[in-house]
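Subject: Structure for your review

Dear colleague,

Please find the structure below. The notes after it say what was found.

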Amino acid sequence: MLQPDIGNQIVVKIAYSLMEQITFPDLKNWEDSEDKIRDADTAAERLKALHKKQQEEIEQQISKEAQVFRVFTHSCVGAD
């Protein structure tokens, strides 16, 4: 059985791979390949947008925590 962290890492690798994919050769030569390729493009773009939003949220959280740390550190140094 896979450990949760390993499973998450696999999903993340798949997501990054999909975000980087520009063409979808496996979807060619199907009767509805135009629809399949359009859907794949849309899914990849949505994934990129979600990734960007999550990265921005992470950066905001890091910034908030850094600010709290600076305030805490400054108040501890001033307390001496």
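A salt bridge here is a side-chain nitrogen of Lys or Arg within 4 Å of a carboxyl oxygen of Asp or Glu. This is a predicted model, in which local features need pLDDT of at least 70 and side-chain atom pairs count only at pLDDT 80 or more, while totals for chains, interfaces and linings use all residues. Residues are numbered from 1 along each chain as its sequence is written, and side-chain values use heavy atoms, with hydrogens and water left out.

Salt bridges

By the rule above, the count comes to 3 salt bridges.

One of them joins Lys-36 to Asp-32, with the closest N and O atoms 3.7 Å apart. Lys-36 is partly exposed because its relative accessible area is 29%. Asp-32, at 34%, counts as partly exposed. Lys-36 also lies over the face of Trp-30, at 5.2 Å from the ring centre. For a charge to sit over a ring, NZ of Lys or CZ of Arg must be within 6 Å of the ring centre and within 35 degrees of the ring normal.

Another salt bridge links Arg-38 with Asp-35, and here the closest N and O atoms are 2.3 Å apart. Helices (H or I, at least four residues) and strands (E, at least two) are DSSP runs, numbered from the N terminus. Arg-38 and Asp-35 are separated by about one helical turn, because they are 3 residues apart in helix α2. Arg-38 has 45% relative accessibility and so counts as partly exposed. Asp-35 is partly exposed as well, with a relative accessible area of 38%.

Lys-48 and Glu-45 also meet through their side chains in a salt bridge, at 3.3 Å from N to O. Both lie in helix α2, 3 residues apart, which is about one turn of the helix. Lys-48 counts as partly exposed at 33% relative accessibility, and Glu-45 is partly exposed with a relative accessible area of 46%.

Ile-6, Ile-10 and Ile-14 form a nonpolar patch on the surface, and together they have about 260 Å² of accessible area. Patches are made of residues with over 30% relative accessible area and no salt bridge; like charges are joined within 9 Å, and nonpolar side chains (Val, Leu, Ile, Met, Phe, Trp, Tyr) within 5 Å. The areas come from the Shrake-Rupley method with a 1.4 Å probe, and for residues only the protein chains shown count as cover. Ile-10 lies in helix α1, which covers residues 4-20. With 39% relative accessibility, Ile-10 counts as partly exposed.

The loop between α1 and α2

Asn-29 is placed in the loop between α1 and α2. Its phi is near 65 degrees, a positive value in a residue other than glycine. Most residues other than glycine have a negative phi. Asn-29 counts as exposed, because its relative accessibility is 80%.

Thr-23 is also in the loop between α1 and α2, and is partly exposed at 48% relative accessibility. Thr-23 and Asp-41 are 18 residues apart along the chain, and their C-alpha atoms are separated by 8.3 Å.

Helix α2

Ser-33 belongs to helix α2, residues 33-78. Is Ser-33 buried or exposed? Ser-33 is buried, because its relative accessible area is 15%. Leaving aside neighbours within four places in sequence, Ser-33 is in contact (heavy atoms within 4.5 Å) with Leu-27 and Lys-28.

Phe-72 is in helix α2 and is exposed, with a relative accessible area of 52%. Phe-72 and Lys-28 are 44 residues apart in sequence and 58 Å apart in space, C-alpha to C-alpha. Arg-70 is likewise in helix α2 and counts as partly exposed at 48% relative accessibility. The C-alpha atoms of Arg-70 and Lys-28 are separated by 55 Å, with the two residues 42 apart along the chain.

Aromatic rings

A search of the whole structure finds 0 aromatic pairs. Rings of Phe, Tyr and Trp (its six-membered ring) pair if their centres lie within 6.5 Å; planes under 30 degrees apart count as stacked, over 60 as edge-to-face and the rest as tilted.

Regards

Technical notes
Buried < 20%, exposed > 50% of the residue type's maximum accessible area, 1.4 Å probe, protein only.
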